[in-house]
Amino acid sequence: MSNSTMTMDFLLMEISDMRDLQLFYAMSFFLIYLMTVMGNLVIAAVTTLDKSLHTPMYFFLRNLSILDSCYISVTVPNSCVNSLLGTRSISRAGCGAQVFFVIFFAFVEVLFLTMMAHDRFAAICRPLHYPVIMSPRLCVHSTLVALLTGLIYAALHTLNTFRLPFCHSHAVQQLFCDIPSLLKLSCSDTFSNQIAILVSSVVICGGCFIYIIKSYIHIFSTVIKFPVGADRKKAFSTCVPHILVVVVFLSSGFYVYLRPSAISASIRDMVMSVFYSVIPPLFNPLIYSLRNEQIKCAMRKLMTRRINSGNVFRIKKTFPLQLSHSHVCGNK
């Protein structure tokens, strides 16, 4: 048992035994990864460079975009590399790092989504008190608190998991290391671990979900009172996809982490894990950029400024040469 506990490698699940399907999976998810990272980094850059977007809403959107770029980078690149190389092994340290960062980024994502729902509630339902409710100081402090509590939460669950001996098997029935898959490999009692996950998930994630739904109920009840027009349509077109992403993210996470460990792993577990680790980072840029006129306007403005600055630079670079050429022709 001592040798099994101190094993250096775990074996991750393969999506298929067929080499062609492994390559197809690797290329498909690599394209999704590039789209997700580029989309989120574009939003982060636009909301940073355009001063008109320096508001609480876009402050949290920028933080969410940076977080999503990091979140998807924890699992997808390693899984794609394993599929390309035909390998399955991951070191104990690498597995621990995946567990820690997946929990950390998922936890902070829930808190950021809750803050963004609170921001929209304050802006639509309490517009006169909005500058006080969402003051810059409060936004910065709430972000720092979310990051700090995320670090503590992830560290506690990761340490509580890796203190267990793993002797049943070293084959993780998942595309990346997560706590439910690791608990099935332990030969000791994992009841306390499961209770800790259940209580913390229900209290924190369940509380955030209830607050988000409650906020959007108030938002919709206020928006319905608006005259039928662009503002009403804009509010619904942005809020409804946001709620859908939150529901998919939390429901898939609850399914994976709160499901009884006695139930054997299946392809459904892998799909659900993809839902909570890939879908939110992929769809958040689409929801907040393609459906947001301010973001699109800021992007056009920055692109126009970039093109104009490039043209000015080329004119300045070529104009002295034209003067020099005219001077030489005049001397002749």
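**Figure legends: close-up views of a predicted model**

**View 1. Gln98 within helix α4.** Gln98 lies in helix α4, which covers residues 92-125; helices (H or I, at least four residues) and strands (E, at least two) are DSSP runs, numbered from the N terminus. This is a predicted model in which local features need pLDDT of at least 70 and side-chain atom pairs count only at pLDDT 80 or more, whereas totals for chains, interfaces and linings use all residues. Residues are numbered from 1 along each chain as its sequence is written, and side-chain values use heavy atoms, with hydrogens and water left out. Gln98 counts as buried because its relative accessibility is 5% (buried, under 20% relative accessible area; exposed, over 50%; partly exposed, in between; 1.4 Å probe, protein chains only).

**View 2. Contacts of Gln98.** Leaving aside residues up to four places away in sequence, Gln98 touches Val74, Thr75, Asn78, Ile90, Phe176 and Cys177. A contact means heavy atoms within 4.5 Å.

**View 3. Val199 in helix α8.** Helix α8 spans residues 191-223 and contains Val199. Val199 has a relative accessibility of 46%, and therefore counts as partly exposed.

**View 4. The chain as context for the close-ups.** The chain holds 12 helices and 2 strands, and its elements run α-β-α-α-β-α-α-α-α-α-α-α-α-α from the N terminus on. Of its 332 residues, 45% are buried. Among contacts between residues at least 6 apart in sequence, 77% join residues at least 24 apart.
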